[in-house]
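Hello,

Here is the structure we talked about passing on. Please open it first, then read my notes below.

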There are 2 protein chains.
Amino acid sequence: MTDDTRWLDTEESAAWVRLVALTELLPGVLDQQLLQDVQLTHFEYAALMALASAPDRTMRMTALAARTNATLPRLSHVARRLEERGLIRRFPCPTDRRATNATITDAGLGLIDEAAPGHVETVRQYVLDALSPEQLRQLYEIAGAVLGRLDPDERLTATACQFSEGPAIARAG
Amino acid sequence: MTDDTRWLDTEESAAWVRLVALTELLPGVLDQQLLQDVQLTHFEYAALMALASAPDRTMRMTALAARTNATLPRLSHVARRLEERGLIRRFPCPTDRRATNATITDAGLGLIDEAAPGHVETVRQYVLDALSPEQLRQLYEIAGAVLGRLDPDERLTATACQFSEGPAIARAG
DNA sequence: GAAACAAGGTTGTTGCGACAACCAACACGA
DNA sequence: TCGTGTTGGTTGTCGCAACAACCTTGTTTC
């Protein structure tokens, strides 16, 4: 067996090491802040944000799972916990009795409004404020190029409004 | 309470969404390939690589934990599993009887040599090949800037040789 | 309209990471 | 040398994600 692997050159390796380190550290930072402030994982926060941004603040479980890169079992467990906390509500879809719809409650909207400032502050502190406007555009292009391989259907990035506007309860209510 | 949060503008939000999506998807891709090929998580692979690159193929548990961004309990569990598979060996440090040293075995070196080509291929396929040389340099700078905030002590990036050279068993043996 | 298949969700099991508690060994001052 | 505090690791418990199995409801085909 011949080894025709194209090993990484110095520049490739250096960039890759840094990217791996970044993907290793970033989730922990996001989880930590949100858990401390509002007892929410970043995944739960993202799911609530997706619901808040959706028409009627409601999504099908399957659609929400695709949007958050979750398997359906995972989302089902998370949804049960969020429902027990009164942050979302689940009810059968009227048009397809197999399906379940999830709606974020006012309490849920309130919680993400409470969480958002701290979250945005964290994002700025650890990422955005470290980058020049030029680098921000470069990051947008680079991440877009990579996501073209990782997420060709753009399930995760088919996003509605994020933080560009005011409180979610006004935005989505 | 006045809301003096600096919300994200359109460009910031777009770049951030893509970065989050990337950090969400990349670990899964890396784990999947390595688990399928050699029953190793990416974390385990990184730990073995760190040992292979270390002098005498040996590191203190604490040093290895810092290098891989693991807590000591986590590393302890992982090391036990790797030792049970014969991929590493642990023995008390002769100079400090509190400490434990971990050494990668020949079997361990063989396994990462077996895993490396597929791993590098995955890295190319999903990341590096999507980027121009210019973008590769930009990524290096951007990730470096962010890591300056996330990892100011450069624990994760104080890395020895990665993929720039031949098989680990030749490189480290 | 009945059988076969596909789609949508939930529940149970397993494995891993986080955290806390614990034990052993070193360091240092009195 | 004794006591106190610190460092290095391991073990136990809890919570969450992956996977598989299962159930229900649509959908298709004949």
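α4(B) gives the largest share of the surface near DNA strand D, with six residues. Keep in mind that this is a predicted model. In total, 24 residues surround DNA strand D. The closest are Pro73(A), Arg97(A), Thr62(B), Pro73(B) and Ser76(B). By type, the surface near DNA strand D holds nine charged, eight nonpolar and seven polar residues.

Next, the contact between the protein chains. On the chain B side, 57 residues are in contact with 58 residues of chain A. α1 (10-38), α5 (106-126) and α6 (133-150) of chain B each supply at least two residues of the side that touches chain A. α1(B) gives the most, with 18 residues. The side of chain B that touches chain A divides into 32 nonpolar, 14 polar and eleven charged residues.

Finally, the symmetry. Chain B superposes on chain A by a rotation of 180°, with 0.0 Å of shift along the axis and an RMSD of 0.0 Å. The two copies are therefore related as by a two-fold rotation axis. Which C-alpha of chain B is nearest the axis? That of Thr23(B), 2.5 Å from the axis. The same surface serves both copies, and 100% of the contact residues of chain B recur in chain A.

Best wishes

Methods
Residues are numbered from 1 along each chain as its sequence is written. Chains are lettered from A and ligands numbered from 1 in the order in which they are written. This is a predicted model: local features need pLDDT of at least 70, side-chain atom pairs count only at pLDDT 80 or more; totals for chains, interfaces and linings use all residues. Two residues are in contact if their C-beta atoms, placed from the backbone, lie within 7 Å. Helices (H or I, at least four residues) and strands (E, at least two) are DSSP runs, numbered from the N terminus. Ala, Val, Leu, Ile, Met, Phe, Trp, Tyr, Cys and Pro count as nonpolar, Asp, Glu, Lys and Arg as charged, and the others, Gly among them, as polar. A residue is near a molecule or strand if its C-beta atom, placed from the backbone, lies within 6 Å of it. Copies are superposed by least squares on the C-alpha atoms of residues with pLDDT of at least 70 in both.
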